[in-house]
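Colleague: Could you walk me through this one? I would like to know what stands behind each label.

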Amino acid sequence: MIQLRTEDVAATRAVAAAVADLVRDGDVILLSGDLGAGKTAFTQGFGAALGVEERITSPTFTLVHEYEGRLLLHHVDVYRLEEAGEVFDLALPEMLDDGGVTIIEWGDLIVPELPRDYLDLRLSLGDITEGQDVRKIDVTAVGSAWTARSASLIAALRSWAEVQD
Ligand SMILES: Nc1ncnc2c1ncn2[C@@H]1O[C@H](COP(=O)(O)OP(=O)(O)OP(=O)(O)O)[C@@H](O)[C@H]1O
Ligand SMILES: [Mg+2]
């Protein structure tokens, strides 16, 4: 839908804040891509924009952290799920029923378990010749809940849009 480029962590946090402005109760956001690409940094910017005051840290060992903001924020990291069966331990459907927004790091590993509608963000390290803080973020709306907001998303994210050759 739109490809973005950020030049530092503050820009990735600003992208996340722009997405947070468009988010609604019940939304799911999937973050995937390279180790250290900025999935947790994105979530921190996202949470800050939702008014979360607590420090957001990676839930690598607990799988899920929950934060209070304008909306409830469930922060999930499935990187350490050892086998597909453990997805059930996550109780994702129950979590979604709780309301709020759910952000899933490494969510691409559990696509079959996801609801039909989610915003898919793929983060990757930029070409090293561009400097070590460059990141690419590929944003795709999946399902009508997000495709209906495509135009608003594109408008909100335009300032980070990758210039196409
Ligand atoms: N443009 C950028 N966007 C995001 N993070 C950046 C950027 N430039 C540098 N960084 C740095 O890269 C690191 C990203 O780490 P972060 O933990 O957010 O990645 P991650 O994708 O969650 O990693 P993991 O796969 O281990 O969960 C941070 O130290 C951050 O400061
Ligand atoms: Mg992380």
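**A buried arginine and its setting**

Modeller: Let's start with R135, which is buried yet has no salt bridge, the nearest side chain of opposite charge, D133, being 5.0 Å away. This is a predicted model, in which local features need pLDDT of at least 70 and side-chain atom pairs count only at pLDDT 80 or more, while totals for chains, interfaces and linings use all residues. Residues are numbered from 1 along each chain, and side-chain values use heavy atoms, without hydrogens and water.

Colleague: Why is R135 said to have no salt bridge?

Modeller: A salt bridge needs a side-chain nitrogen of Lys or Arg within 4 Å of a carboxyl oxygen of Asp or Glu; D133 is 5.0 Å away, so R135 has none.

Colleague: And what makes R135 "buried"?

Modeller: The word stands for under 20% relative accessible area, with a 1.4 Å probe and protein chains only. Of the 165 residues of the chain, 45% count as buried.

Colleague: Which backbone oxygen lies 2.8 Å from a polar atom of the R135 side chain?

Modeller: That of A37. R135 is also in contact (heavy atoms within 4.5 Å) with residues beyond four places in sequence, including L4, R5, S124 and G126.

Colleague: How do you know that the chain agrees with a compact globule?

Modeller: The rule, 2.2 Å times the number of residues to the power 0.38, applies to a radius of gyration taken over C-alpha atoms. For 165 residues a compact globule would be near 15 Å, and the chain has 15 Å, so the two agree. The C-alpha trace spans about 45 × 30 × 30 Å along its principal axes.

Terms used:
Chains lettered and ligands numbered in written order. Buried < 20%, exposed > 50% of the residue type's maximum accessible area, 1.4 Å probe, protein only. Lys, Arg positive; Asp, Glu negative; His and termini not counted. Polar contact = N/O pair within 3.5 Å; in protein donor to acceptor, adjacent residues only side chain to side chain.
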